[in-house]
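This report describes the fold of a single model, going from the strands to the helices and then to the core.

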Amino acid sequence: MSIWWSLHLRREAASVPLARRLLLGTMETAGVDPDICYDLSVALSEACANAVEHGGDAATEDYRVTAYIDGDTCRIEVTDSGPGFRAGTVPPAPPHTADRALAPAPVPTPAQAPVYAEEGRGLFLIEALTDHVRYRNRTGRPGAVVSFDKILKWREGAALPMAS
C-alpha cells in the first residue's frame, strides 16, 4: 500500500505548520517511527519556509508540497515559483546527494552559519535529516524544486506495512 497527497499553499508563514501537521498525522497514522516523523517534519518545515521566503514575488502567491509514502520510503517535494537556483554555484555534495541536477546557492556548513545566524541553515538541515536530496529548477517555467527521501522505520504493529 502507498499513500500520497499534494497541497497548494499560500506563501504565508501560517502554511508551514499546516503542511507539517498533515505530514505528521499521516506518518503517525501509518505507524512510522516517531524519530523518523520528527526528522521529516523538520526537513519539510525548512523546505516550506524557504518556499515562503524565496519562492516568488507578489504575483506568485502559492507553492506546492507533495508527499509520497511508498513501501519503506517517504519522498517529499516542495515546488515554488521563485527565481530558482543559480547555475554554477555547486557546493561540495555529500555522498548521498551526488546526483543533483542543478546545485543551489552554496549550502551552508556549520562554520558558515554561525550559532547566532537567523538564516542559512535550512538546506543544511534538510541534508542532515534525510537520506537523499535533490535540487533542481522547474522545467519550462520559473521556480525551484527541493525533493528529499528518507527510509522509514515502523513502530511494531504499524498499519501500513501490514497492508502491503
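In β3, E77 is the bridge partner of T66. The coordinates come from a predicted model. α2 packs on the sheet, where it touches β2, β3 and β5, and its direction makes about 175 degrees with that of β5.

**The sheet**

The sheet is open and has five strands in the order β1-β2-β3-β5-β4, with antiparallel pairing. β1 and β4 are the edge strands, each pairing on one side only. On average, neighbouring strands are turned by 10 degrees against each other, direction ignored. Strands of a sheet pair through backbone hydrogen bonds, in either a parallel or an antiparallel sense.

Two of the pairings are listed here.

| Strands | Sense | Bridges | A residue pair |
|---|---|---|---|
| β2 and β3 | antiparallel | seven bridges | R64 with T79 in β3 |

β2 and β3 form a hairpin with two residues between them, and G71 in the turn has a positive phi of about 65 degrees.

**The helices**

α1 lies across β1, β2 and β3 and runs at about 170 degrees to β1.

How far apart should the ends of α2 be? With 21 residues at 1.5 Å a residue, α2 should span 30 Å, and its end C-alpha atoms are 30 Å apart, so the two values agree. At the N-terminal end, α2 is capped by D33, which has a side-chain oxygen 3.0 Å from the backbone nitrogen of D35. Just after α2, G56 takes a positive phi of about 145 degrees.

In soluble globular proteins, nonpolar side chains tend to be buried together. The largest nonpolar core here has 35 residues, and those touching the most other members are L40, L44, Y63, V65, I76, V78 and F148. At least two residues of this core come from each of β1 (2-10), α1 (15-30), α2 (34-54), β2 (62-70), β3 (73-79), α3 (122-129), β4 (132-137) and β5 (144-151). The most is given by α2, with nine residues.

Which residues does V65 contact, leaving aside its neighbours within four places in sequence? V65 is in contact with W5, S6, L7, L9, L44, C48, I76, E77 and V78. Among these contacts of V65, L44, I76 and V78 are also listed with the core residues that touch the most other members.

How values were computed. Residues are numbered from 1 along each chain as its sequence is written. This is a predicted model: local features need pLDDT of at least 70, side-chain atom pairs count only at pLDDT 80 or more; totals for chains, interfaces and linings use all residues. Side-chain values use heavy atoms; hydrogens and water are left out. A nonpolar core is a set of buried Ala, Val, Leu, Ile, Met, Phe, Trp, Tyr and Cys residues joined through side-chain atoms within 4.5 Å. Buried means under 20% relative accessible area, exposed over 50%, partly exposed in between (1.4 Å probe, protein chains only). Helices (H or I, at least four residues) and strands (E, at least two) are DSSP runs, numbered from the N terminus. Contact means heavy atoms within 4.5 Å. The expected span of a helix is 1.5 Å times one less than its number of residues. A polar contact is a pair of N or O atoms within 3.5 Å; within protein, one must be able to donate a hydrogen and the other to accept it, and residues adjacent in sequence count only if both atoms are side-chain atoms. Two strands pair if DSSP finds at least two bridges between them. Axes are lines fitted to C-alpha atoms, for helices over the stretch in contact, and angles run from 0 to 180 degrees between N-to-C directions.
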